[in-house]
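Have the viewer ready and follow along.

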Amino acid sequence: MVSDMKIVLWGKKLHTDTYSYIHYGFWRAAEYLGYTVEWYGDEDDVSGVDFSNSIFITEASACNKMPLSKDCKYFIHCCDIAFVHDWRKKYGDVDVYNFIPEAYSYEWPDTLKRIDNEIWYHEESKTIINKWATDLLPPEIDACPVQLYDDSLDTSYFIGTLQGGNISTFRNIHIKHGKDIVCAGGWNGIHANQIPDLNQMISMVRDSYLSFDIREDVHFKMKKYYPCRVFKNISYGKWTGCNMESITDLFGDHITAERDLNSFYDKLLEDTKKCTEKKMRDAMNFVRDYHTYINRLNGLLAVLK
């Protein structure tokens, strides 16, 4: 039974790589659900570890020394092209599933089946299409108070690196209105070369004048893109917006979306001011119910049943 299997995260350790925060989300979800969960990487000596009957979750560029066994299951992020089973030949005849966020420009085959609220599965190629999620657990979202508009705040914190034309333009719009954007994490800023820890990140989002995710032009060429920052910021209790309008097919009226950056600033400011306790809590509950790593982990495991 899947519930009897140990979950092994294999890859970069926490704070050493941006993908480590995906692992951290799965780690917290697995522990919350009562699984035995362990975390290793290519740098570890695991010669004495018993990996029998384990479920591995990893990423294709960080699992060169991962032990392979026929009695284990492997979920490997981007180990192959969507809906193709070619690159996985290097893993031999072990049971490998390719999981890809719903973010890239690929054509969906007619045989793709929806097996969970936000999980799609192509059985022929063992390709799973999912989304990112918030790093909070449902009880933590319930315990997080709503943070309404505060005109006294002067800074919007952007969790990531300030690079690209759109985020620079949006910062200039802030400055024009007497506000500023400060980078927190990424390659520069107040937490350079790492994302701040979870409590710091929550505090900065809640202390932001405006909460947002800015996409650069490359993302508009994709079929879909649902930024993880949007799920997170909403779950932290802050009204959030994004300049990628297509995400409203998922978030509906739980988000502000507008591509033109000047209009986006005005609309996000207006919606933030108008946001009520109930409206924000409804948005938080939407993320709590459908977009945590508990949802994502259960979605992956559903293909094994």
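Where is the place of F83? You'll find F83 in the loop between β4 (73-77) and β5 (95-101). Keep in mind as you look around that this is a predicted model.

## Two residues with positive phi

Why start with F83? Its phi is near 65°, a positive value in a residue other than glycine. Most residues other than glycine have a negative phi. F83 also counts as buried, because its relative accessibility is 15% and the cut-off for buried is under 20%.

Now hop over to N53, which sits in the loop between β2 (37-40) and β3 (54-59). N53 isn't glycine either, and its phi is positive too, near 55°. Is N53 buried or partly exposed? With 34% relative accessibility, N53 counts as partly exposed, since that class runs between the 20% and 50% cut-offs.

Next, find helix α1 (residues 20-32) and helix α10 (residues 293-302). They pack at an angle of about 80°, and their axes are 8 Å apart. That angle makes α1 roughly perpendicular to α10, because anything from 65 to 115 degrees gets that label.

Which residues make the contact? On the α1 side, they are I22, G25, F26, A29, A30 and Y32. On the α10 side, look for Y293, I294, R296, L297 and L300. Sort the contact by class and you get 9 nonpolar residues, 1 polar and 1 charged.

## The whole chain

Time to zoom out. The protein chain has 10 helices and 13 strands. Along its principal axes, the C-alpha trace spans about 60 × 40 × 35 Å.

What radius of gyration would a compact globule with 305 residues have? It would be near 19 Å, and the protein chain has 20 Å, so the two agree.

How much of the chain is tucked away? Buried residues make up 55% of the 305 residues.

Finally, think about which parts of the sequence meet. Take the contacts with a separation of 6 or more: residues 24 or more positions apart account for 65% of them.

Terms used: Residues are numbered from 1 along each chain as its sequence is written. This is a predicted model: local features need pLDDT of at least 70, side-chain atom pairs count only at pLDDT 80 or more; totals for chains, interfaces and linings use all residues. Side-chain values use heavy atoms; hydrogens and water are left out. Axes are lines fitted to C-alpha atoms, for helices over the stretch in contact, and angles run from 0 to 180 degrees between N-to-C directions. Helices (H or I, at least four residues) and strands (E, at least two) are DSSP runs, numbered from the N terminus. Angles under 35 degrees count as roughly parallel, over 145 as roughly antiparallel, 65 to 115 as roughly perpendicular and the rest as oblique. Contact means heavy atoms within 4.5 Å. Ala, Val, Leu, Ile, Met, Phe, Trp, Tyr, Cys and Pro count as nonpolar, Asp, Glu, Lys and Arg as charged, and the others, Gly among them, as polar. The radius of gyration is taken over C-alpha atoms; the globule rule is 2.2 Å times the number of residues to the power 0.38. Buried means under 20% relative accessible area, exposed over 50%, partly exposed in between (1.4 Å probe, protein chains only).
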